[in-house]
Amino acid sequence: MGEITNVMEYEAIAKQKLPKMVYDYYASGAEDQWTLAENRNAFSRILFRPRILIDVSNIDISATVLGYKISMPIMVAPTAMQKMAHPDGEYATARAAAAADTIMTLSSWGTSSVEEVASTGPGVRFFQLYVYKDRNIVIQLVRRAERAGFKAIALTVDTPRLGRREADIKNRFNLPPNLSLKNFEGLDIGKLNKAEDSGLASYVAGQVDRSLSWKDVQWLKTITSLPILVKGVLTAEDARIAVQAGAAGIIVSNHGARQLDYVPATIMALEEVVKAAQGRIPVFLDGGVRRGTDVFKALALGAAGVFIGRPVIWSLAADGENGIKKVLQMMRDEFELTMALSGCRSLKEITRNHVVTDWETPRAALPQPRL
């Protein structure tokens with residue numbers, strides 16, 4: 001294979017390298033995997049309305065997220081058990097994200113702990129949180145994330161139960177014996193046990209709290225001063241409640257299409273959520289982002305930034321820290337080129353008028369100022 005020229009090419013390399021059980025775990029969506037395909041396909045139904053003859057010799061793609069200035073509006077989503085992909089696991093991801101001057105989100109189910117990730121050096125990092133039945137575990141996790149210098153909590157709210165991922169059931173998915181969920185070591189629940197179906201599904205059923213509700217978001221605010229991002233919002237109704245509940249931001253996410261199948265692609269749900277948030281808190285998106293053009297489309301529809309998950313896993317599997325660095329650089333370069341060719345010199349110049357979606361009648365653009 002020649003030089004890798006896009007993010008998608010890493011998946012084929014990862015598929016060759018990884019054991020089937022591991023590849024299937026990362027690649028799968030829920031049930032029919034309709035939403036899995038739709039997360040990608042929906043982007044292709046959004047087209048550009050580029051503005052020409054604008055001086056694009058200087059382009060600034062830096063972004064500010066929760067007050068932290070980062071190099072670009074492309075961040076690393078939380079993905080579980082990264083040492084299954086590569087021995088360096090979350091260490092490599094942390095170093096690559098820091099080198100790219102962007103934010104990494106560490107999964108609760110990391111194969112490296114918050115302390116280990118912090119030990120890689122400086123960097124803005126968020127911690128993704130699952131709420132366990134035992135609230136003392138939650139308090140311990142949050143305290144440790146705070147002490148390790150993490151800057152926000154991304155609370156996953158779409159997983160009262162684990163989605164049905166059929167490959168994991170067929171493969172009887174389990175964490176390889178040399179690995180453990182490092183954030184839970186010493187808490188008696190760091191091990192997934194062998195199960196009749198998916199070991200992870202059994203683990204979630206036993207440990208994760210199905211009773212999680214908005215009052216728990218309020219409770220979380222009483223135990224930490226860290227900003228809380230609510231991850232897994234797909235409707236205007238929930239966006240409004242998130243604002244009222246004091247969330248610092250929303251991540252429009254369908255969990256990489258791994259939870260409820262036949263929910264819309266996140267890019268399709270984005271505008272509804274953005275409108276409901278009314279600019280009071282930032283709205284981010286994850287799911288299906290593979291190109292710089294996808295990033296631009298999300299920002300044009302009102303996102304403050306995007307998170308990428310599987311591209312990080314595939315590039316980690318293919319080439320470790322270097323692979324992730326390359327993916328972040330490719331996404332960055334593509335996004336900057338899209339901005340130039342659309343006539344935008346900073347993120348604030350990206351507007352709704354820069355895209356047209358095939359589900360709207362193209363409206364006459366707003367009157368433009370005379371030259």
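What do the buried residues of α3 pack against? They pack against α11 (266-277). Keep in mind that this is a predicted model, where local features need pLDDT of at least 70, side-chain atom pairs count only at pLDDT 80 or more, and totals for chains, interfaces and linings use all residues. Residues are numbered from 1 along each chain as its sequence is written, and side-chain values use heavy atoms, leaving out hydrogens and water.

Helix α3 covers residues 34-41, and its buried residues are Thr35, Glu38 and Asn39. Buried here means under 20% relative accessible area, with a 1.4 Å probe and protein chains only. Helices are DSSP runs of H or I with at least four residues, strands are runs of E with at least two, and both are numbered from the N terminus. Looking down the axis of α3, the buried residues fall within an arc of 110°, so they line one face of the helix; the arc is that of the directions from the helix axis to the C-beta atoms.

Stepping back, the chain has 13 helices and 12 strands. Its C-alpha trace spans about 70 × 50 × 40 Å along the principal axes, and buried residues make up 57% of the 371 residues.

Terms used:
Buried < 20%, exposed > 50% of the residue type's maximum accessible area, 1.4 Å probe, protein only. Contact = heavy atoms within 4.5 Å.
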